[in-house]
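I open these notes as a record of what I looked up, one topic at a time.

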Amino acid sequence: MKTHLKFAKNNARADTLLVFLPGAFLKPEEFEREGFVNAVREREFAADALLVDADVSYYYDQTFIERLHHDVLEPQRALGYRSIWLVGISIGGFGALIHELAKPGAVDGIVALAPYLGRRPIGAEIHKAGGLRAWKAPEGPPPDEEVDRKLWPWLQQYASPQKAAQLPPLYLGFGLSDRFASNHQLLADALPTGHVFTTEGGHDWPQWSQLWRKMLDVLPLPSMARSELRRPAATPMAIAA
């Protein structure tokens, strides 16, 4: 995966890294164009931004998790980042969640903006059961190997404070008219107060940008005033796909 690093300030490395995962057919530089990086800098957070060219084909051929882990997260940890957050939009949000499902403990926090959460029939099954807190995952062998069969039981852990304490904090944002809003609401009902953000509108940049700015007001990110930045040994190079 190719990556594009944006320092918080003056080419000096922070201790915290925000890894941005785009939606399907979106380009990583759109995060910068839509003001996501500037919004972090305006609030003077000591957090660098890494824009990842996570092509949708990586999801289709099921190489996304390993590519993200080995091409992106492991090298960035080796550079000295102490805290890494995944920020994903749409299928990028799905990618952030399934990566943590497959590689528990790899990141320190997740922001999922309008994430794809799997097929509608499974969501309908959870709705029928009374929501994610009441739903009981079917026992026995699953009818297929699609990852959402594992994702929803994993997400259900966020409804339990004891289990959620063992997971990275998860923040969810979505438009109330988003095409995935029905599944978003299922997850929202299982998350703590203050971890869910909504806005009018659907599945597009105006909603995501507005939600991101709202979420930055509460995300537990370090401030520039209280953090020391470190000069990198050399200018980081993009990782070849």
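**Entry 1. Asparagine 183**

I began with asparagine 183, which is found in helix α9, residues 181-188. The model is a predicted one, and I read every value below with that in mind. Is asparagine 183 buried or exposed? I found a relative accessible area of 9%; because the cut-off for buried is under 20%, asparagine 183 counts as buried. I then listed what asparagine 183 touches, leaving out residues up to four places away in sequence: Leu117, Gly118, Arg119, Gly123 and Trp152.

**Entry 2. The chain as a whole**

I next turned to the overall build. The chain has 10 helices and 7 strands. Its radius of gyration is 17 Å, close to the 18 Å that the globule rule gives for 241 residues, so the chain is as compact as a globular protein of that length. Taken along the principal axes, the C-alpha atoms fill a box of roughly 55 × 35 × 35 Å.

I also looked up burial and surface. Of the 241 residues, 50% count as buried. The chain exposes about 11500 Å², and carbon and sulfur atoms supply 51% of that area. Among contacts between residues at least 6 apart in sequence, 77% join residues at least 24 apart.

I moved to lysine 6, which lies in strand β1, residues 3-6. Lysine 6 has 24% relative accessibility and therefore counts as partly exposed. Which residues does lysine 6 touch, not counting those up to four places away in sequence? I noted Glu32, Val37, Arg41, Asp48, Ala49 and Leu51. I also took one distance across the chain: lysine 6 and valine 196 are 190 residues apart in sequence and 27 Å apart in space, C-alpha to C-alpha.

Rolling a probe the size of a water molecule over the atoms shows where empty space is left. The structure holds 1 cavity of 30 Å³ or more, and about 40 Å³ of space lies in the largest cavity. Lys6, Phe7, Ala8, Val37, Val40, Arg41, Ala47, Asp48 and Ala49 line the largest cavity. The elements that give two or more residues to this lining are α2 (36-42) and β3 (47-52). By class, I recorded 6 nonpolar and 3 charged residues in the lining of the largest cavity, with no polar ones.

**Entry 3. The largest pocket**

I then looked up the pockets. The largest pocket has a volume of about 780 Å³. How many residues line the largest pocket? I noted 30, of which Tyr59, Phe94, Ile98, Glu146 and Val147 lie nearest its centre. The elements that give two or more residues to this lining are α3 (57-60), α4 (64-78), α5 (91-102) and α7 (148-155). Helix α5 gives the most, with 5 residues. The lining of the largest pocket comprises 17 nonpolar, 6 polar and 7 charged residues.

**Entry 4. The second largest pocket**

For the second largest pocket I recorded a volume of about 190 Å³. Of its 15 lining residues, Ala137, Pro138, Pro142, Arg149 and Pro153 are the closest to its centre. Both α6 (120-129) and α7 supply at least two residues of this lining. Which element gives the most to the lining of the second largest pocket? I found that α7 does, with 4 residues. The lining divides into 8 nonpolar, 1 polar and 6 charged residues.

I closed with backbone angles. Most residues other than glycine have a negative phi. I noted two residues with a positive value.

Glutamate 44 has a phi near 55° and is found in the loop between α2 and β3. Is glutamate 44 buried or exposed? At 53% relative accessibility, glutamate 44 counts as exposed.

Glutamine 62 has a phi near 60° and lies in the loop between α3 and α4. With a relative accessibility of 72%, glutamine 62 counts as exposed.

Terms used: Residues are numbered from 1 along each chain as its sequence is written. This is a predicted model: local features need pLDDT of at least 70, side-chain atom pairs count only at pLDDT 80 or more; totals for chains, interfaces and linings use all residues. Side-chain values use heavy atoms; hydrogens and water are left out. On a 1 Å grid over the protein atoms alone, a cavity is a set of points where a 1.4 Å probe fits but cannot get out, and a pocket is an open set with protein on both sides within 12 Å along at least five of seven lines; lining residues have an atom within 4 Å of a point. Grid points are joined across faces, edges and corners, and a volume is the space filled by probe spheres set on the points. Ala, Val, Leu, Ile, Met, Phe, Trp, Tyr, Cys and Pro count as nonpolar, Asp, Glu, Lys and Arg as charged, and the others, Gly among them, as polar. The radius of gyration is taken over C-alpha atoms; the globule rule is 2.2 Å times the number of residues to the power 0.38. Buried means under 20% relative accessible area, exposed over 50%, partly exposed in between (1.4 Å probe, protein chains only). Contact means heavy atoms within 4.5 Å. Accessible areas come from the Shrake-Rupley method with a 1.4 Å probe; for residues, only the protein chains shown count as cover.
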